[in-house]
Amino acid sequence: MRLHIANGRLIDPAHGLDGQHDLYIAQGRVVAVGAAPDGFQADRRIDAGGLAVLPGLVDLSARVAQPGHAGFAPSELRAALAGGVTRLVLPPDAEGPPDEPTKVESLMRHAQAGQCAIHPLGAMTVGLAGETLTEMALLAQAGCIAFAQGENGVADTRVLWGAMRYASGLGRTLWLRPQDPWLARGASAASGAYAERLGLEGLPAQAETVALHTIFELQRATGARVHLARLSTAAGLELLRAARREGLPVTADVSMNSLHLTDVDIGFFDTNHHLNPPLRGQRDRDAIQAALADGTVDALCSDHTPVDARGKAEPFAASTPGATGLELLLSLALKWARDSRRPVGEALARVTAGPAAVLAAVAPHIGPCGHLGVDAPADLCLADLDAEWMVMPASLHSRSVRTPFAGMMLPGRVRATVVGGQPAWETPV
């Protein structure tokens, strides 16, 4: 299909564009920006007057299975498209983790049936929490872009050492959530006065910093590339800054939940605020905002984790951590820009060009994404940046409607999403 997207405000952070430019698309790619190519005849003209034309969002952490099941839930892919997200990285799920090539191939078949580009992370060990390394080379051949160990961290340092050596030899990346599993055992909230007041077991900041010291020390010995997922502490971000100054091959993301919320938002045991990593104090939130602004952190992710009503109906400590997020990622990036008085393009870069650069470093074979330059994949969304909407759980498309942002007014609303040059989503009027 040949598309002509006319009269829109094109914002492409990767190319420093922010202005009214028409976009021309053919054979699934951008063929021109501004003036039409010679002989171009559009099959469909989309009038984007009053709307922003943005690169499709790239989300570095989104789970798309139904709660308690392995595989894909179509509802979660619809939620991604409704949120303008066109590319997803899938952490290894505890249900049927991708620790064998056949499991990865099954994931990739599901991905081909959906319209979002899906990039699975392979399990580092058999069974996700084991001591035997997976056949990373075979998992990479099957489609895994990097290797991860789930939410609980790596208990056996020797296993992590072996995984780094293996991944480094393959030229692949480890995708790690830095958390010491022993310090994290039993924790359901961040350590501090508020957790003590509620009587909740706290997760100390040292759970992150101890894990980071170990990761960086093993990096120095092996040369392995590492992506750090969802950093949450001021102390951890300072260690990341030092590692980047040192020249270690490391990238990082943070969760949109940690960007906006703190531990006091838990209120009176609101399980919608039971998240992993847990919400921390204001000093940590301020440090996350600063690190995102100065580029220490590369990307903002949704950390979309569908949890059903049963999982949130338990007492806080026993409830399932997680929240829906795919449909909120754009709005929460814009809210950060508005609240911190930062340029819109800078905030959009953290959900487009920034995560795309991480993918380019981790898996250059997947090709470019996150921008709208000539010959780029025609993955984009049209958004009303001036719209204000209330987060009403019943109106979300995810199978899970649990979110700590329920009832909040947020800026920006996706009106349409295009994937591979094909209209994939239009928000009902």
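## Working through strands, helices and a buried serine

In this predicted model, Leu3 has Arg44 of S6 as its bridge partner. Residue numbers start from 1 along each chain as its sequence is written, and side-chain values use heavy atoms, with hydrogens and water left out. Because the model is predicted, local features need pLDDT of at least 70 and side-chain atom pairs count only at pLDDT 80 or more, while totals for chains, interfaces and linings use all residues.

**Exercise 1. Work out how H8 and H10 pack.**

Step 1: For two packed helices, you describe the angle between the axes and the distance between them.
Step 2: Helix H8 (residues 234–246) and helix H10 (residues 282–294) sit with axes 8 Å apart, at an angle of about 30°. Axes are lines fitted to C-alpha atoms, for helices over the stretch in contact, and angles run from 0 to 180 degrees between N-to-C directions.
Step 3: H8 and H10 are therefore roughly parallel (angles under 35 degrees count as such).
Step 4: On the H8 side, Ala234, Leu237 and Arg241 make the contact, meeting H10 residues that include Arg283, Ala287 and Asp294 (contact means heavy atoms within 4.5 Å). The tally for this contact is six nonpolar, no polar and four charged residues.

**Exercise 2. Is Ser319 buried or exposed, and what does its side chain meet?**

Step 1: Look in the loop between helix H11 (309–312) and helix H12 (329–340); Ser319 is there.
Step 2: Ser319 has 4% relative accessibility, so it counts as buried (under 20% relative accessible area; exposed is over 50%, with a 1.4 Å probe and protein chains only).
Step 3: The Ser319 side chain makes a polar contact with the His274 side chain at 2.8 Å. Such a contact is a pair of N or O atoms within 3.5 Å; within protein, one must be able to donate a hydrogen and the other to accept it, and residues adjacent in sequence count only if both atoms are side-chain atoms.
Step 4: A polar atom of the Ser319 side chain also lies 2.7 Å from the backbone oxygen of Phe316.

Definitions and conventions
Helix = DSSP H or I, 4+ residues; strand = E, 2+ residues; numbered from the N terminus. Parallel < 35°, antiparallel > 145°, perpendicular 65-115°, else oblique. Nonpolar A, V, L, I, M, F, W, Y, C, P; charged D, E, K, R; others polar. Pairing = 2+ DSSP bridges.
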